[in-house]
Amino acid sequence: RKLADGNCWMVQNLAFSPTANQVLTDADTDLTAGRTFTAPAGPSTTGQTWTNNGSGGPHWLKPEAGYEYYKEQNLNTNGTIAGNATNASTGTPLESAGNYYDWPMVTAGARDATGNNLVSDSPGEAADSICPKGWMLPRNTGNNSYYNLITTKYNLPNSSAGSARMIKPPLNFVRAGSYLYDGSWVNRGSYGYLWSGAVASSNSAYNLYFSSGRILPQNVSNKGYGFSARCVAR
């Protein structure tokens, strides 16, 4: 969907499920020309532990059974949220949770433009991602960033009123929670996390975080978390 920043954005969470050891190429994936990325032997399972800084990655996994979809949240007359989203796998699914990826997975190996491991805050942006060809992970600042989209263009306040608008059209964000590197699921239906392609440090990367009362488009989290992802057209 074309949004207020003039860019075309996915309005559903990425649900790409590679086959075991699938080799991704620049023919159909957001990889630098001539570069490849080999996916893991399979998805993780609930309870599997990951390293907190992503050094043991890449990892990905599907939603736990019963949490594949979420019902749209109801709003009070003043625009605030009336309760958290609930799983809707047995009802009419409205919003998909998508898959969960650690940062090395979603960035297709976390490499910079020259192919080196991206472990610091310079040059800052991963050169690759598992987005489809012609799409990319959002940046941290400027065009194609969550900050520009949410704060500058839609002017959403960092409040419950702003959060209420996050889950409504045209944005349709989902509070799908996250998978912790200790092997547990947290905050499903309450918080949402979406990776960007920007590195923050050797252990962390930038992401969009939103709850029922806050929006942080430049949040920083450890690379080993299992977060959702969305892509924006290049």
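Mentor: Before we start, a residue is called buried when its relative accessible area is under 20%, and please keep in mind that this is a predicted model.

Trainee: Okay, so which residues of E10 are buried on one side, and which on the other?

Mentor: Gly192, Leu194, Ser196 and Ala198 are buried on one side, while Tyr193, Trp195, Gly197 and Val199 are buried on the other, and both faces of the strand are therefore covered.

Trainee: Why do the residues split into two sets like that?

Mentor: Side chains in a regular strand alternate between the two faces of the sheet.

Trainee: And what does that say about E10 as a whole?

Mentor: Strand E10 spans residues 192-199, and because 8 of its 8 residues are buried, the strand is largely enclosed by the rest of the structure.

Trainee: Which strand does E10 pair with, and in what sense?

Mentor: E10 pairs with E11, residues 204-210, in the antiparallel sense over 5 bridges, and the two form a hairpin with 4 residues between them. Within that pairing, Trp195 has Asn207 of E11 as its bridge partner.

Trainee: What about E11 and E12, how many bridges join them?

Mentor: There are 6 bridges between E11 and E12, residues 215-222, and these strands run antiparallel. They form a hairpin with 4 residues between them, and Tyr209 has Leu216 in E12 as its bridge partner.

Trainee: Changing topic, where is Asp112?

Mentor: Asp112 lies in the loop between helix H1 (103-106) and strand E7 (135-136).

Trainee: Is Asp112 buried or exposed, and which side chain of opposite charge is nearest?

Mentor: Asp112 is buried yet has no salt bridge, and the nearest side chain of opposite charge, Arg35, is 5.7 Å away. The side chain of Asp112 does, however, reach the backbone nitrogen of Gly115 at 3.0 Å.

Notes. Residues numbered from 1 in each chain as written. Predicted model: local features only at pLDDT ≥ 70, side-chain atom pairs only at ≥ 80, totals over all residues. Heavy atoms only, no water. Buried < 20%, exposed > 50% of the residue type's maximum accessible area, 1.4 Å probe, protein only. Pairing = 2+ DSSP bridges. Lys, Arg positive; Asp, Glu negative; His and termini not counted. Salt bridge = Lys/Arg side-chain N within 4 Å of Asp/Glu carboxyl O. Polar contact = N/O pair within 3.5 Å; in protein donor to acceptor, adjacent residues only side chain to side chain.
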